Amino acid sequence: MRARMRLVVLLALFVAAKAAPAPEKLRIGILMPWLPVEGASNSVEEVRDIGEFIAPAILRSVENINSLQNVLPDTVLEWVWYDSRCDPNTATNAVLNMIDIWDVHAIIGPACDEEAVRVAPIATFWEVPFISYAAAATALSQKDIYPDFARVNGNYRSRNELFLRFARIHGWEQLALVYADSPLYSTTADDLFLRVRDEDDLSITFTEIFSPVDQ
């Protein structure tokens with residue numbers, strides 16, 4: 001009798017396991033710099049080791065999300081990681097691999113502006129949501145061109161508003177502008193010049209443009 005009951009229980013468990021649908025897999029791609037590329041167009045010194053700090057947070061976040069059934073019910077969150085090296089060419093190859101090989105549902109990263117501008121059109125073409133945690137390039141704010149792009153920080157032009165408010169708080173009337181000779185910073189500087197030109201209480205009296213050199 002007991003043996004028969006055990007058999008019934010095992011059969012019931014087997015049927016229940018077969019009937020339960022397999023959890024859906026949601027795969028995200030992570031782009032973050034770990035090693036710099038020698039001679040890259042970006043200055044990578046500030047972000048070259050950011051991957052060492054982000055990777056543990058990613059592991060912990062994925063574990064927490066998968067353990068909370070009310071966040072992504074019946075879903076297992078997976079992730080793949082590529083070293084973008086803060087280099088547009090490396091990041092482009094990484095995004096193509098994420099989409100073509102790993103079939104990711106979304107991409108988080110990258111950190112640097114030039115690589116974000118380079119890979120954003122690829123993600124937009126394939127309609128893959130693309131979320132950056134550091135890129136501040138103003139061009140990426142064009143929602144008609146990059147409808148699938150989002151970020152957790154403001155762009156450079158929005159920061160100009162902050163700079164001007166900061167100057168007024170401190171009663172500054174004359175400003176000095178020093179920036180790197182690159183399209184990203186030149187565009188930001190042009191925007192700041194236009195904003196100050198229309199202001200009566202502020203003026204830019206000194207400008208210095210320098211060429212960034214990677215150490």
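Colleague: Which is D103, buried or exposed?
Modeller: This is a predicted model: local features need pLDDT of at least 70, side-chain atom pairs count only at pLDDT 80 or more, and totals for chains, interfaces and linings use all residues. Residues are numbered from 1 along each chain as its sequence is written, and side-chain values use heavy atoms, with hydrogens and water left out. Buried means under 20% relative accessible area, exposed over 50%, and partly exposed in between (1.4 Å probe, protein chains only). At 52% relative accessibility, D103 is therefore exposed.

Colleague: What is the phi of D103 near?
Modeller: D103 sits in the loop between α3 and β3. Helices (H or I, at least four residues) and strands (E, at least two) are DSSP runs, numbered from the N terminus. D103 is a residue other than glycine, yet its phi is positive, near 50 degrees.

Colleague: Which residue has a positive phi of about 60 degrees although it is not a glycine?
Modeller: Look in the loop between β2 and α3. The positive phi of about 60 degrees belongs to R85.

Colleague: How many disulfides does a search of the whole structure find?
Modeller: The test is a pair of cysteine sulfur atoms within 2.5 Å. C86 and C112 pass, with S to S at 1.4 Å. The link is left-handed, at -75 degrees about the S-S bond. For the whole structure, the number of disulfides is one.

Colleague: How many residues apart in sequence are the parts that C86 and C112 tie together?
Modeller: C86 counts as buried at 1% relative accessibility. C112 is buried too, with a relative accessible area of 7%. C86 lies in the loop between β2 (75-83) and α3, and C112 in the loop between β3 (106-108) and α4, so the parts tied together are apart in sequence by 26 residues.

Colleague: Which residue does a cis peptide bond join to G109?
Modeller: The residue lies in the loop between β3 and α4. Omega of the bond is about -5 degrees. The partner of G109 is P110.

Colleague: Leaving aside neighbours within four places in sequence, what is T188 in contact with?
Modeller: T188 lies in helix α6 (residues 183-197). At 11% relative accessibility, T188 counts as buried. Outside its sequence neighbours, T188 is in contact with Y156 and N160.

Colleague: What area does the nonpolar surface patch of I108, I131 and V152 have?
Modeller: Patches are made of residues with over 30% relative accessible area and no salt bridge; like charges are joined within 9 Å, nonpolar side chains (Val, Leu, Ile, Met, Phe, Trp, Tyr) within 5 Å. A salt bridge is a side-chain nitrogen of Lys or Arg within 4 Å of a carboxyl oxygen of Asp or Glu. I131, in strand β4 (residues 130-132), is partly exposed at 37% relative accessibility. By the Shrake-Rupley method with a 1.4 Å probe, where for residues only the protein chains shown count as cover, the patch of I108, I131 and V152 comes to about 250 Å².

Colleague: How many Å apart in space are E63 and V76, C-alpha to C-alpha?
Modeller: E63 is in helix α2 (residues 50-67) and counts as exposed at 52% relative accessibility. E63 and V76 are 13 residues apart in sequence. In space, C-alpha to C-alpha, they are apart by 9.8 Å.

Colleague: What pattern does the protein follow along the sequence?
Modeller: The protein has six helices and seven strands. Read along the sequence, the pattern is α-β-α-β-α-β-α-β-β-α-β-α-β.

Key:
Contact = heavy atoms within 4.5 Å.
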